[in-house]
Amino acid sequence: MNYETIRLDKSMYKGGESFSARLEQLDPSAVYQGTPLEGLDAYQRQLKRFDIRVSGPRSSSIEKFFSTADSAALFPEYVTRAVRQGMEEGEILSAILASRTAIDSMDYRSIALGEAPEDLELKEVAEGSAIPTTEIKLKESLVKLKKRGRMLSASYEAIRFQRLDLFTAALRQIGSYIAKSQLADAVAVLMNGDGNEGSAAAVTTTTGEALAYRDLVGMWQRFDGYRMDTLLASPDMAAAILNLPEMVSPTAGLNFQATGRLGTPLGAALLKSSAVPAGTVIALDSRSALEMVVAGEVNVDHDRLIDTQLERAAVTSIAGFAKLFPGAVQVLKLKTA
């Protein structure tokens, strides 16, 4: 088969395409339909070619990647996939994003749409009269992109015999922390704006230092033209919501105990995150509130990794956030004395 004869080297990591995308061009997965290799992507077929097992109790050692020059070229992509897996496991970002935009530069402007009722409502148009216009335009300020990452620091001699299953767990942890930092960036934009709009509309609880059901109803009521489908809450406020009398019911309890999924009396998904300031609940319409902008995928120092120079190999991700429609976000803060 073609996958067994492909020549792998460092040059496959250069340019705008990912290593996996280049492999797919050289070895399309479509040709393997109906064969024992169906279901594997081009990279997974290369792992099979060199008998590299990255998971399970019988996973290969790290040095298996470096048994040949060709197999060594697979190592950076392994690191990338493990870090990306950590970013996606238990990730909250995907649940609050209306759009995810990939760009190949460091400059990006999101779009703006008039929010006033007269800008959006469909008015009656008399015969021969001009149809009202809704203008979609670019925002004035660029989306602020932030580079997040960690430096790998490990002697190859010290970890060469380490099993990949355990090393993958360590890389997933790096990805998890990158995702947490990006979530904190997203929360800051939801609450404070992205430089084009001001802070989100915020109110305090009606009862000092306590959350009441009527506070959630009031927040739901302020959504006009949008649907409150998600509550992103700090740990203390998530606990307060779950302890509301309206939540302490057989139906709500059974759903939480059976699935582990948090719900609210108003039908919105409840997400708990320490990225949200204490005493705060962010209510949003996840279809209209936030855009994530990414400049490329997870990036690793492929040259260093292929040459086993793990001591100074960086793993990074560049991303930023833009608030789409201000009316799709409301903030509730605990009233303090």
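1. Arg81 is partly exposed, since its relative accessible area is 23%. This holds for a predicted model, as do the other values in this note. The partner of Arg81 in a salt bridge is Glu77, with 3.0 Å between the closest N and O atoms. Both residues belong to helix H4, where a spacing of 4 residues corresponds to about one turn of the helix. Glu77 has a relative accessibility of 6% and therefore counts as buried.

2. A second salt bridge joins Asp185 to Arg148, and here the closest N and O atoms are 2.7 Å apart. This pair connects distant parts of the chain, 37 residues apart: Asp185 is in helix H8, and Arg148 is in strand S4 (residues 145–152). Asp185, at 10% relative accessibility, counts as buried, whereas Arg148, at 26%, counts as partly exposed. Returning to Arg81 and Glu77, salt bridges with shared partners join these two residues and Asp41 into one network.

3. The helices named above also pack against each other: H4 (residues 75–88) and H8 (residues 164–192) meet at an angle of about 55°, and their axes are 6 Å apart. The two helices are therefore oblique to each other. Their crossing is right-handed.

4. Most residues other than glycine have a negative phi. The side chain of Asp51 forms a salt bridge with that of Lys64 (3.7 Å, N to O). Both residues lie in the loop between H2 and H3, so the pair ties together parts that are 13 residues apart in sequence. Asp51 is partly exposed, its relative accessible area being 41%, and Lys64 is likewise partly exposed, at 26%. In total, 14 salt bridges are counted.

5. Thr308 is not a glycine, yet its phi is positive, at about 60°. Thr308 sits in the loop between helix H12 (302–306) and strand S11 (313–323). With a relative accessible area of 24%, Thr308 is partly exposed.

6. Which residues make the nonpolar surface patch of about 310 Å²? The patch consists of Ile111, Ile136 and Leu138. Leu138 is part of strand S3 (residues 136–138) and counts as exposed because its relative accessibility, 56%, is over 50%.

7. Thr204, in strand S5 (residues 201–204), is 131 residues from Lys335 along the chain, while their C-alpha atoms are separated by 5.1 Å. Thr204 counts as partly exposed, at 47% relative accessibility.

Methods
Residues numbered from 1 in each chain as written. Predicted model: local features only at pLDDT ≥ 70, side-chain atom pairs only at ≥ 80, totals over all residues. Heavy atoms only, no water. Patch = residues over 30% accessible without salt bridge, like charges linked within 9 Å, V, L, I, M, F, W, Y side chains within 5 Å. Areas by Shrake-Rupley, 256 points an atom, 1.4 Å probe, with all protein chains shown as cover. Salt bridge = Lys/Arg side-chain N within 4 Å of Asp/Glu carboxyl O. Buried < 20%, exposed > 50% of the residue type's maximum accessible area, 1.4 Å probe, protein only. Axes fitted to C-alpha atoms, helices over the stretch in contact; angles between N-to-C directions. Parallel < 35°, antiparallel > 145°, perpendicular 65-115°, else oblique. Left-handed = near helix turned anticlockwise from the far one by under 90°.
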